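Here is a short tour of one protein model, written for someone meeting it for the first time. Take a look at the sequence and the fold, then read on.

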Amino acid sequence: MQPKHISDTMIEQVYQVRPEHLNGSGRLFGGRLMEWIDEVAGLVAMRHAQSNVITASVDNLKFIRGVYQGDLLVLIGKMTYVGNTSMEVRVDTYVETLDGMRRPVNRAYLVQVAVDQKDKPVRVPGLIVETESEKAEWEAGIRRRAMRKQRKEEGF
């Protein structure tokens, strides 16, 4: 299995917020955004692993600002860290105005696990980390993995 560059598996997905995406307050329903984030993370992981994947966990789902009908929502997913069978994917969400300006809405980290036809974990390719920001994200991924492990041991 050849290691892959982060850019090889990046995904950028754009949605326009429609009436059926809104909650009772006229804002994008948080569950819909979570669905889209999970979808993008899964696609990034599938590209990287070249296999089916399952979502193992979602970390740090913080909503920064509201999203309204007609807004263009841009989700950008990229690999940040890989283990043996698991992968951490960061998904950044932005509202994009008609002049192309993007304002952050959300950042989430999801752990995806590569699986075979019987849903048994399988090995994933390594990740080629090149830039300083990619190295920093990798190091932070190691720390997040340790925190996930600790939370699991504590019953969270």
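## Ground rules

Two residues are in contact when they have heavy atoms within 4.5 Å of each other. With that in hand, take Leu75: leaving out residues up to four places away in sequence, Leu75 touches Ile11, Glu12, Gln13, Tyr15, Leu33, Trp36, Ile37, Val40, Val91, Asp92 and Thr93.

Keep in mind that this is a predicted model: local features need pLDDT of at least 70, side-chain atom pairs count only at pLDDT 80 or more, and totals for chains, interfaces and linings use all residues. Residues are numbered from 1 along each chain as its sequence is written, and side-chain values use heavy atoms, with hydrogens and water left out.

## The sheet

Helices (H or I, at least four residues) and strands (E, at least two) are DSSP runs, numbered from the N terminus. Two strands pair if DSSP finds at least two bridges between them. Here, five strands make an open sheet, ordered E2-E4-E5-E6-E3, with antiparallel pairing. E2 and strand E3 (52–63) are at the edges with a single partner strand each, so one side of each has no neighbour in the sheet. On average, neighbouring strands are turned by 25° against each other, direction ignored; axes here are lines fitted to C-alpha atoms, for helices over the stretch in contact, and angles run from 0 to 180 degrees between N-to-C directions.

Now for the pairings. E2 and E4 share six bridges, and Tyr15 has Leu73 in E4 as its bridge partner. E4 and E5 pair over 10 bridges, with a hairpin of three residues joining them. Between E5 and E6 there are 11 bridges. The hairpin of E5 and E6 has five residues between the strands, and Gly100 there takes a positive phi near 90°.

## Helices and core

H1 touches E2, E3, E4, E5 and E6, and its direction makes about 45° with that of E4. H2 touches E3, E4, E5 and E6, at about 80° to the direction of E4.

What does the largest nonpolar core look like? A nonpolar core is a set of buried Ala, Val, Leu, Ile, Met, Phe, Trp, Tyr and Cys residues joined through side-chain atoms within 4.5 Å, where buried means under 20% relative accessible area, exposed over 50% and partly exposed in between (1.4 Å probe, protein chains only). The largest one has 29 residues, and Leu73, Leu75, Met87 and Val91 have the most contacts inside it. H1 gives the largest share, eight residues. As for E5, eight of its 11 residues are buried.

## Rings that meet

Rings of Phe, Tyr and Trp (its six-membered ring) pair if their centres lie within 6.5 Å; planes under 30 degrees apart count as stacked, over 60 as edge-to-face and the rest as tilted. How many aromatic pairs turn up in the whole structure? The search finds two. Tyr15 and Trp36 are stacked, at 4.0 Å centre to centre with 5° between the planes. Tyr15 is in strand E2 and Trp36 in helix H1, so this pair ties together parts 21 residues apart in sequence. Tyr15 is buried at 14% relative accessibility, and Trp36 is buried at 4%.

The rings of Tyr81 and Trp138 have centres 4.5 Å apart and planes at 50°, so this pair is tilted. Tyr81 is in strand E4 and Trp138 in helix H2 (residues 132–153), 57 residues apart. Tyr81 is buried at 12%, while Trp138 is partly exposed at 21%.
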